[in-house]
Amino acid sequence: MTDAFSFAVSATDGEARRGTIATPRGEIRTPAFMPVGTAGTVKAMLPEQVRQAGADIVLGNTYHLMLRPGAERVARLGGLHRMMNWERPILTDSGGFQVMSLSGLRKIDERGVTFQSHIDGSRHELSPERSIEIQGLLGSDIQMQLDECVKLPCSDEIAEKAMHLSLRWAERCRVAFGEQPGRAMFGIVQGGAVERLRVESARELTRLDLKGYAIGGLAVGEPQAVMLSMIEAVMPHLPAAKPRYLMGVGTPDDIVEAVRRGVDMFDCVMPTRAGRHGQAYTRYGRLNLRNAVHADDPRPLDPASACPAANTYSRAYLHHLVRAGEILGMVLLTWANIWYYQDLMAGLRKAIEEGRLSDHIASVKADWIRGAP
Ligand SMILES: CNc1nc2c(CCNCC3CCCCC3)c3nc(N)[nH]c(=O)c3cc2[nH]1
């Protein structure tokens, strides 16, 4: 165990890296998928199930927790780790992205974002300084800068304005973060789909010498090809010795293609949200358990999976639970999905260690297409 925050790359395969982030709360094996725990819970899962599935770190969220139960209350209760009974690392987003996608009546200016709570309509201000303060009150191990993420497509001028604002906010967040031993603050590369803006953002952020760098402003509706080309444009301008986090990504296909290009960390609501909506991610692709085709299928989702939800219950039963709107349907499919995503990452980590990532990705994709035997 360490009292510092550090990242080490133990193997590479092309641009892909196998690494480890060491933190006082435990190690994070990369490439890593971080289950989303929006309001202090990975929805429909107990923390011990999240860990058993293979997760080393989960996400918390400034926007939700500042509105309810409130950052100062969480701090009084001993912090987010204690409150949600997750003693391993937590990464928190800064809240700006959620303000833009969830709240009513919002305004962005140099000071920060002003918005109305989607819960009770109350008015709130989130400055770079307040966002970092909230993340500190929550006890977050990896804190994200406040940034402005523009929707795509947008004009170069809008992308440039938002990218420069995010750079100024990165400096303010760096000052507000100060020295928190064992914790990190990550900058977020913006720049829309404009290569020169992406490069400028990455180079300017790198000058702040941060402990990690996120690639933001993607997975906002652009084609996968655009997302991948922006990743390729940014990578040469980020320090190889620091972790790279692609925010909000993504489907299994997005993840394997981004790992190939050097991304180390991912988060996405998809496995949890899909589980609540009757969708199962398996090594044979995605299944919609609401579909009548499963009504008489006695097979489990995947007998080869170590996840109890995937190797025990019949598809017919899962279909029944989903059709009946039973809570257990959400619980079992969320469990299977989080476990599948962790198995996907474990397979990628092993393939990088053994220098066979390209072949591994090809076989993973073939299974998705081939479907269950
Ligand atoms: C889904 N696509 C996407 N997500 C993005 C996100 C959010 C990443 N997920 C955070 C969790 C969401 C659920 C609650 C807990 C936090 C982005 N966040 C920031 N700050 N900046 C982005 O450009 C940014 C860009 C993103 N693109």
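These are my notebook entries on what I looked up in the structure above.

**Ground rules**

I am working with a predicted model, in which local features need pLDDT of at least 70 and side-chain atom pairs count only at pLDDT 80 or more, while totals for chains, interfaces and linings use all residues. Residues are numbered from 1 along each chain as its sequence is written, and side-chain values use heavy atoms, with hydrogens and water left out.

**Entry: the ligand**

A polar backbone atom of Gly 217 is 2.7 Å from an oxygen atom of the ligand, and a polar backbone atom of Leu 218 is 2.7 Å from a nitrogen atom of the ligand. For Asp 267 I noted an N or O atom of the side chain, 2.8 Å from a nitrogen atom of the ligand.

On its own the ligand has 590 Å² of accessible area, and the protein covers 89% of that area (accessible areas come from the Shrake-Rupley method with a 1.4 Å probe, and for residues only the protein chains shown count as cover).

**Entry: two buried loop residues**

Is Ser 117 buried or exposed? I found Ser 117 in the loop between strand S8 (112-116) and strand S9 (123-126), and Ser 117 is buried, because its relative accessible area is 6% (buried means under 20% relative accessible area, exposed over 50%, partly exposed in between, with a 1.4 Å probe and protein chains only). Not counting residues up to four places away in sequence, Ser 117 touches Tyr 63, Leu 67, Ser 122 and His 124 (contact means heavy atoms within 4.5 Å).

A polar contact of 2.7 Å joins its side chain to that of His 81. Leaving aside neighbours within four places in sequence, the residues in contact with Asp 141 include Arg 25, Arg 88, Pro 89 and Arg 183.

**Entry: helix H9**

Which residues of helix H9 (residues 224-234) are buried? I listed Met 227, Leu 228, Met 230, Ile 231, Ala 233 and Val 234. These buried residues pack against strand S11 (184-189), helix H8 (195-206), strand S12 (212-215), strand S13 (244-246) and helix H10 (252-260). As background, I wrote down that an α-helix has 3.6 residues a turn, so residues three or four places apart point the same way.

Val 226 is also in helix H9, but Val 226 is partly exposed, with a relative accessible area of 25%. Val 226 and Ala 193 are 33 residues apart in sequence, and their C-alpha atoms are 7.0 Å apart in space.

**Entry: backbone angles**

Most residues other than glycine have a negative phi, and most peptide bonds are trans. With that in mind, I looked for exceptions.

The peptide bond joining Leu 152 and Pro 153 is cis, with omega about 0°, and Pro 153 is in the loop between S10 and helix H7 (156-177). A cis peptide bond also runs from Val 249 to Gly 250, with omega near 0°, and Gly 250 is in the loop between S13 and H10.

Asp 209 is not a glycine, yet its phi is positive, about 55°; Asp 209 is in the loop between H8 and S12 and is exposed, with a relative accessible area of 56%. Ala 219 likewise has a positive phi of about 55° without being a glycine; Ala 219 is in the loop between S12 and H9 and counts as partly exposed at 39% relative accessibility.

Note on methods
Helices (H or I, at least four residues) and strands (E, at least two) are DSSP runs, numbered from the N terminus. A polar contact is a pair of N or O atoms within 3.5 Å; within protein, one must be able to donate a hydrogen and the other to accept it, and residues adjacent in sequence count only if both atoms are side-chain atoms.
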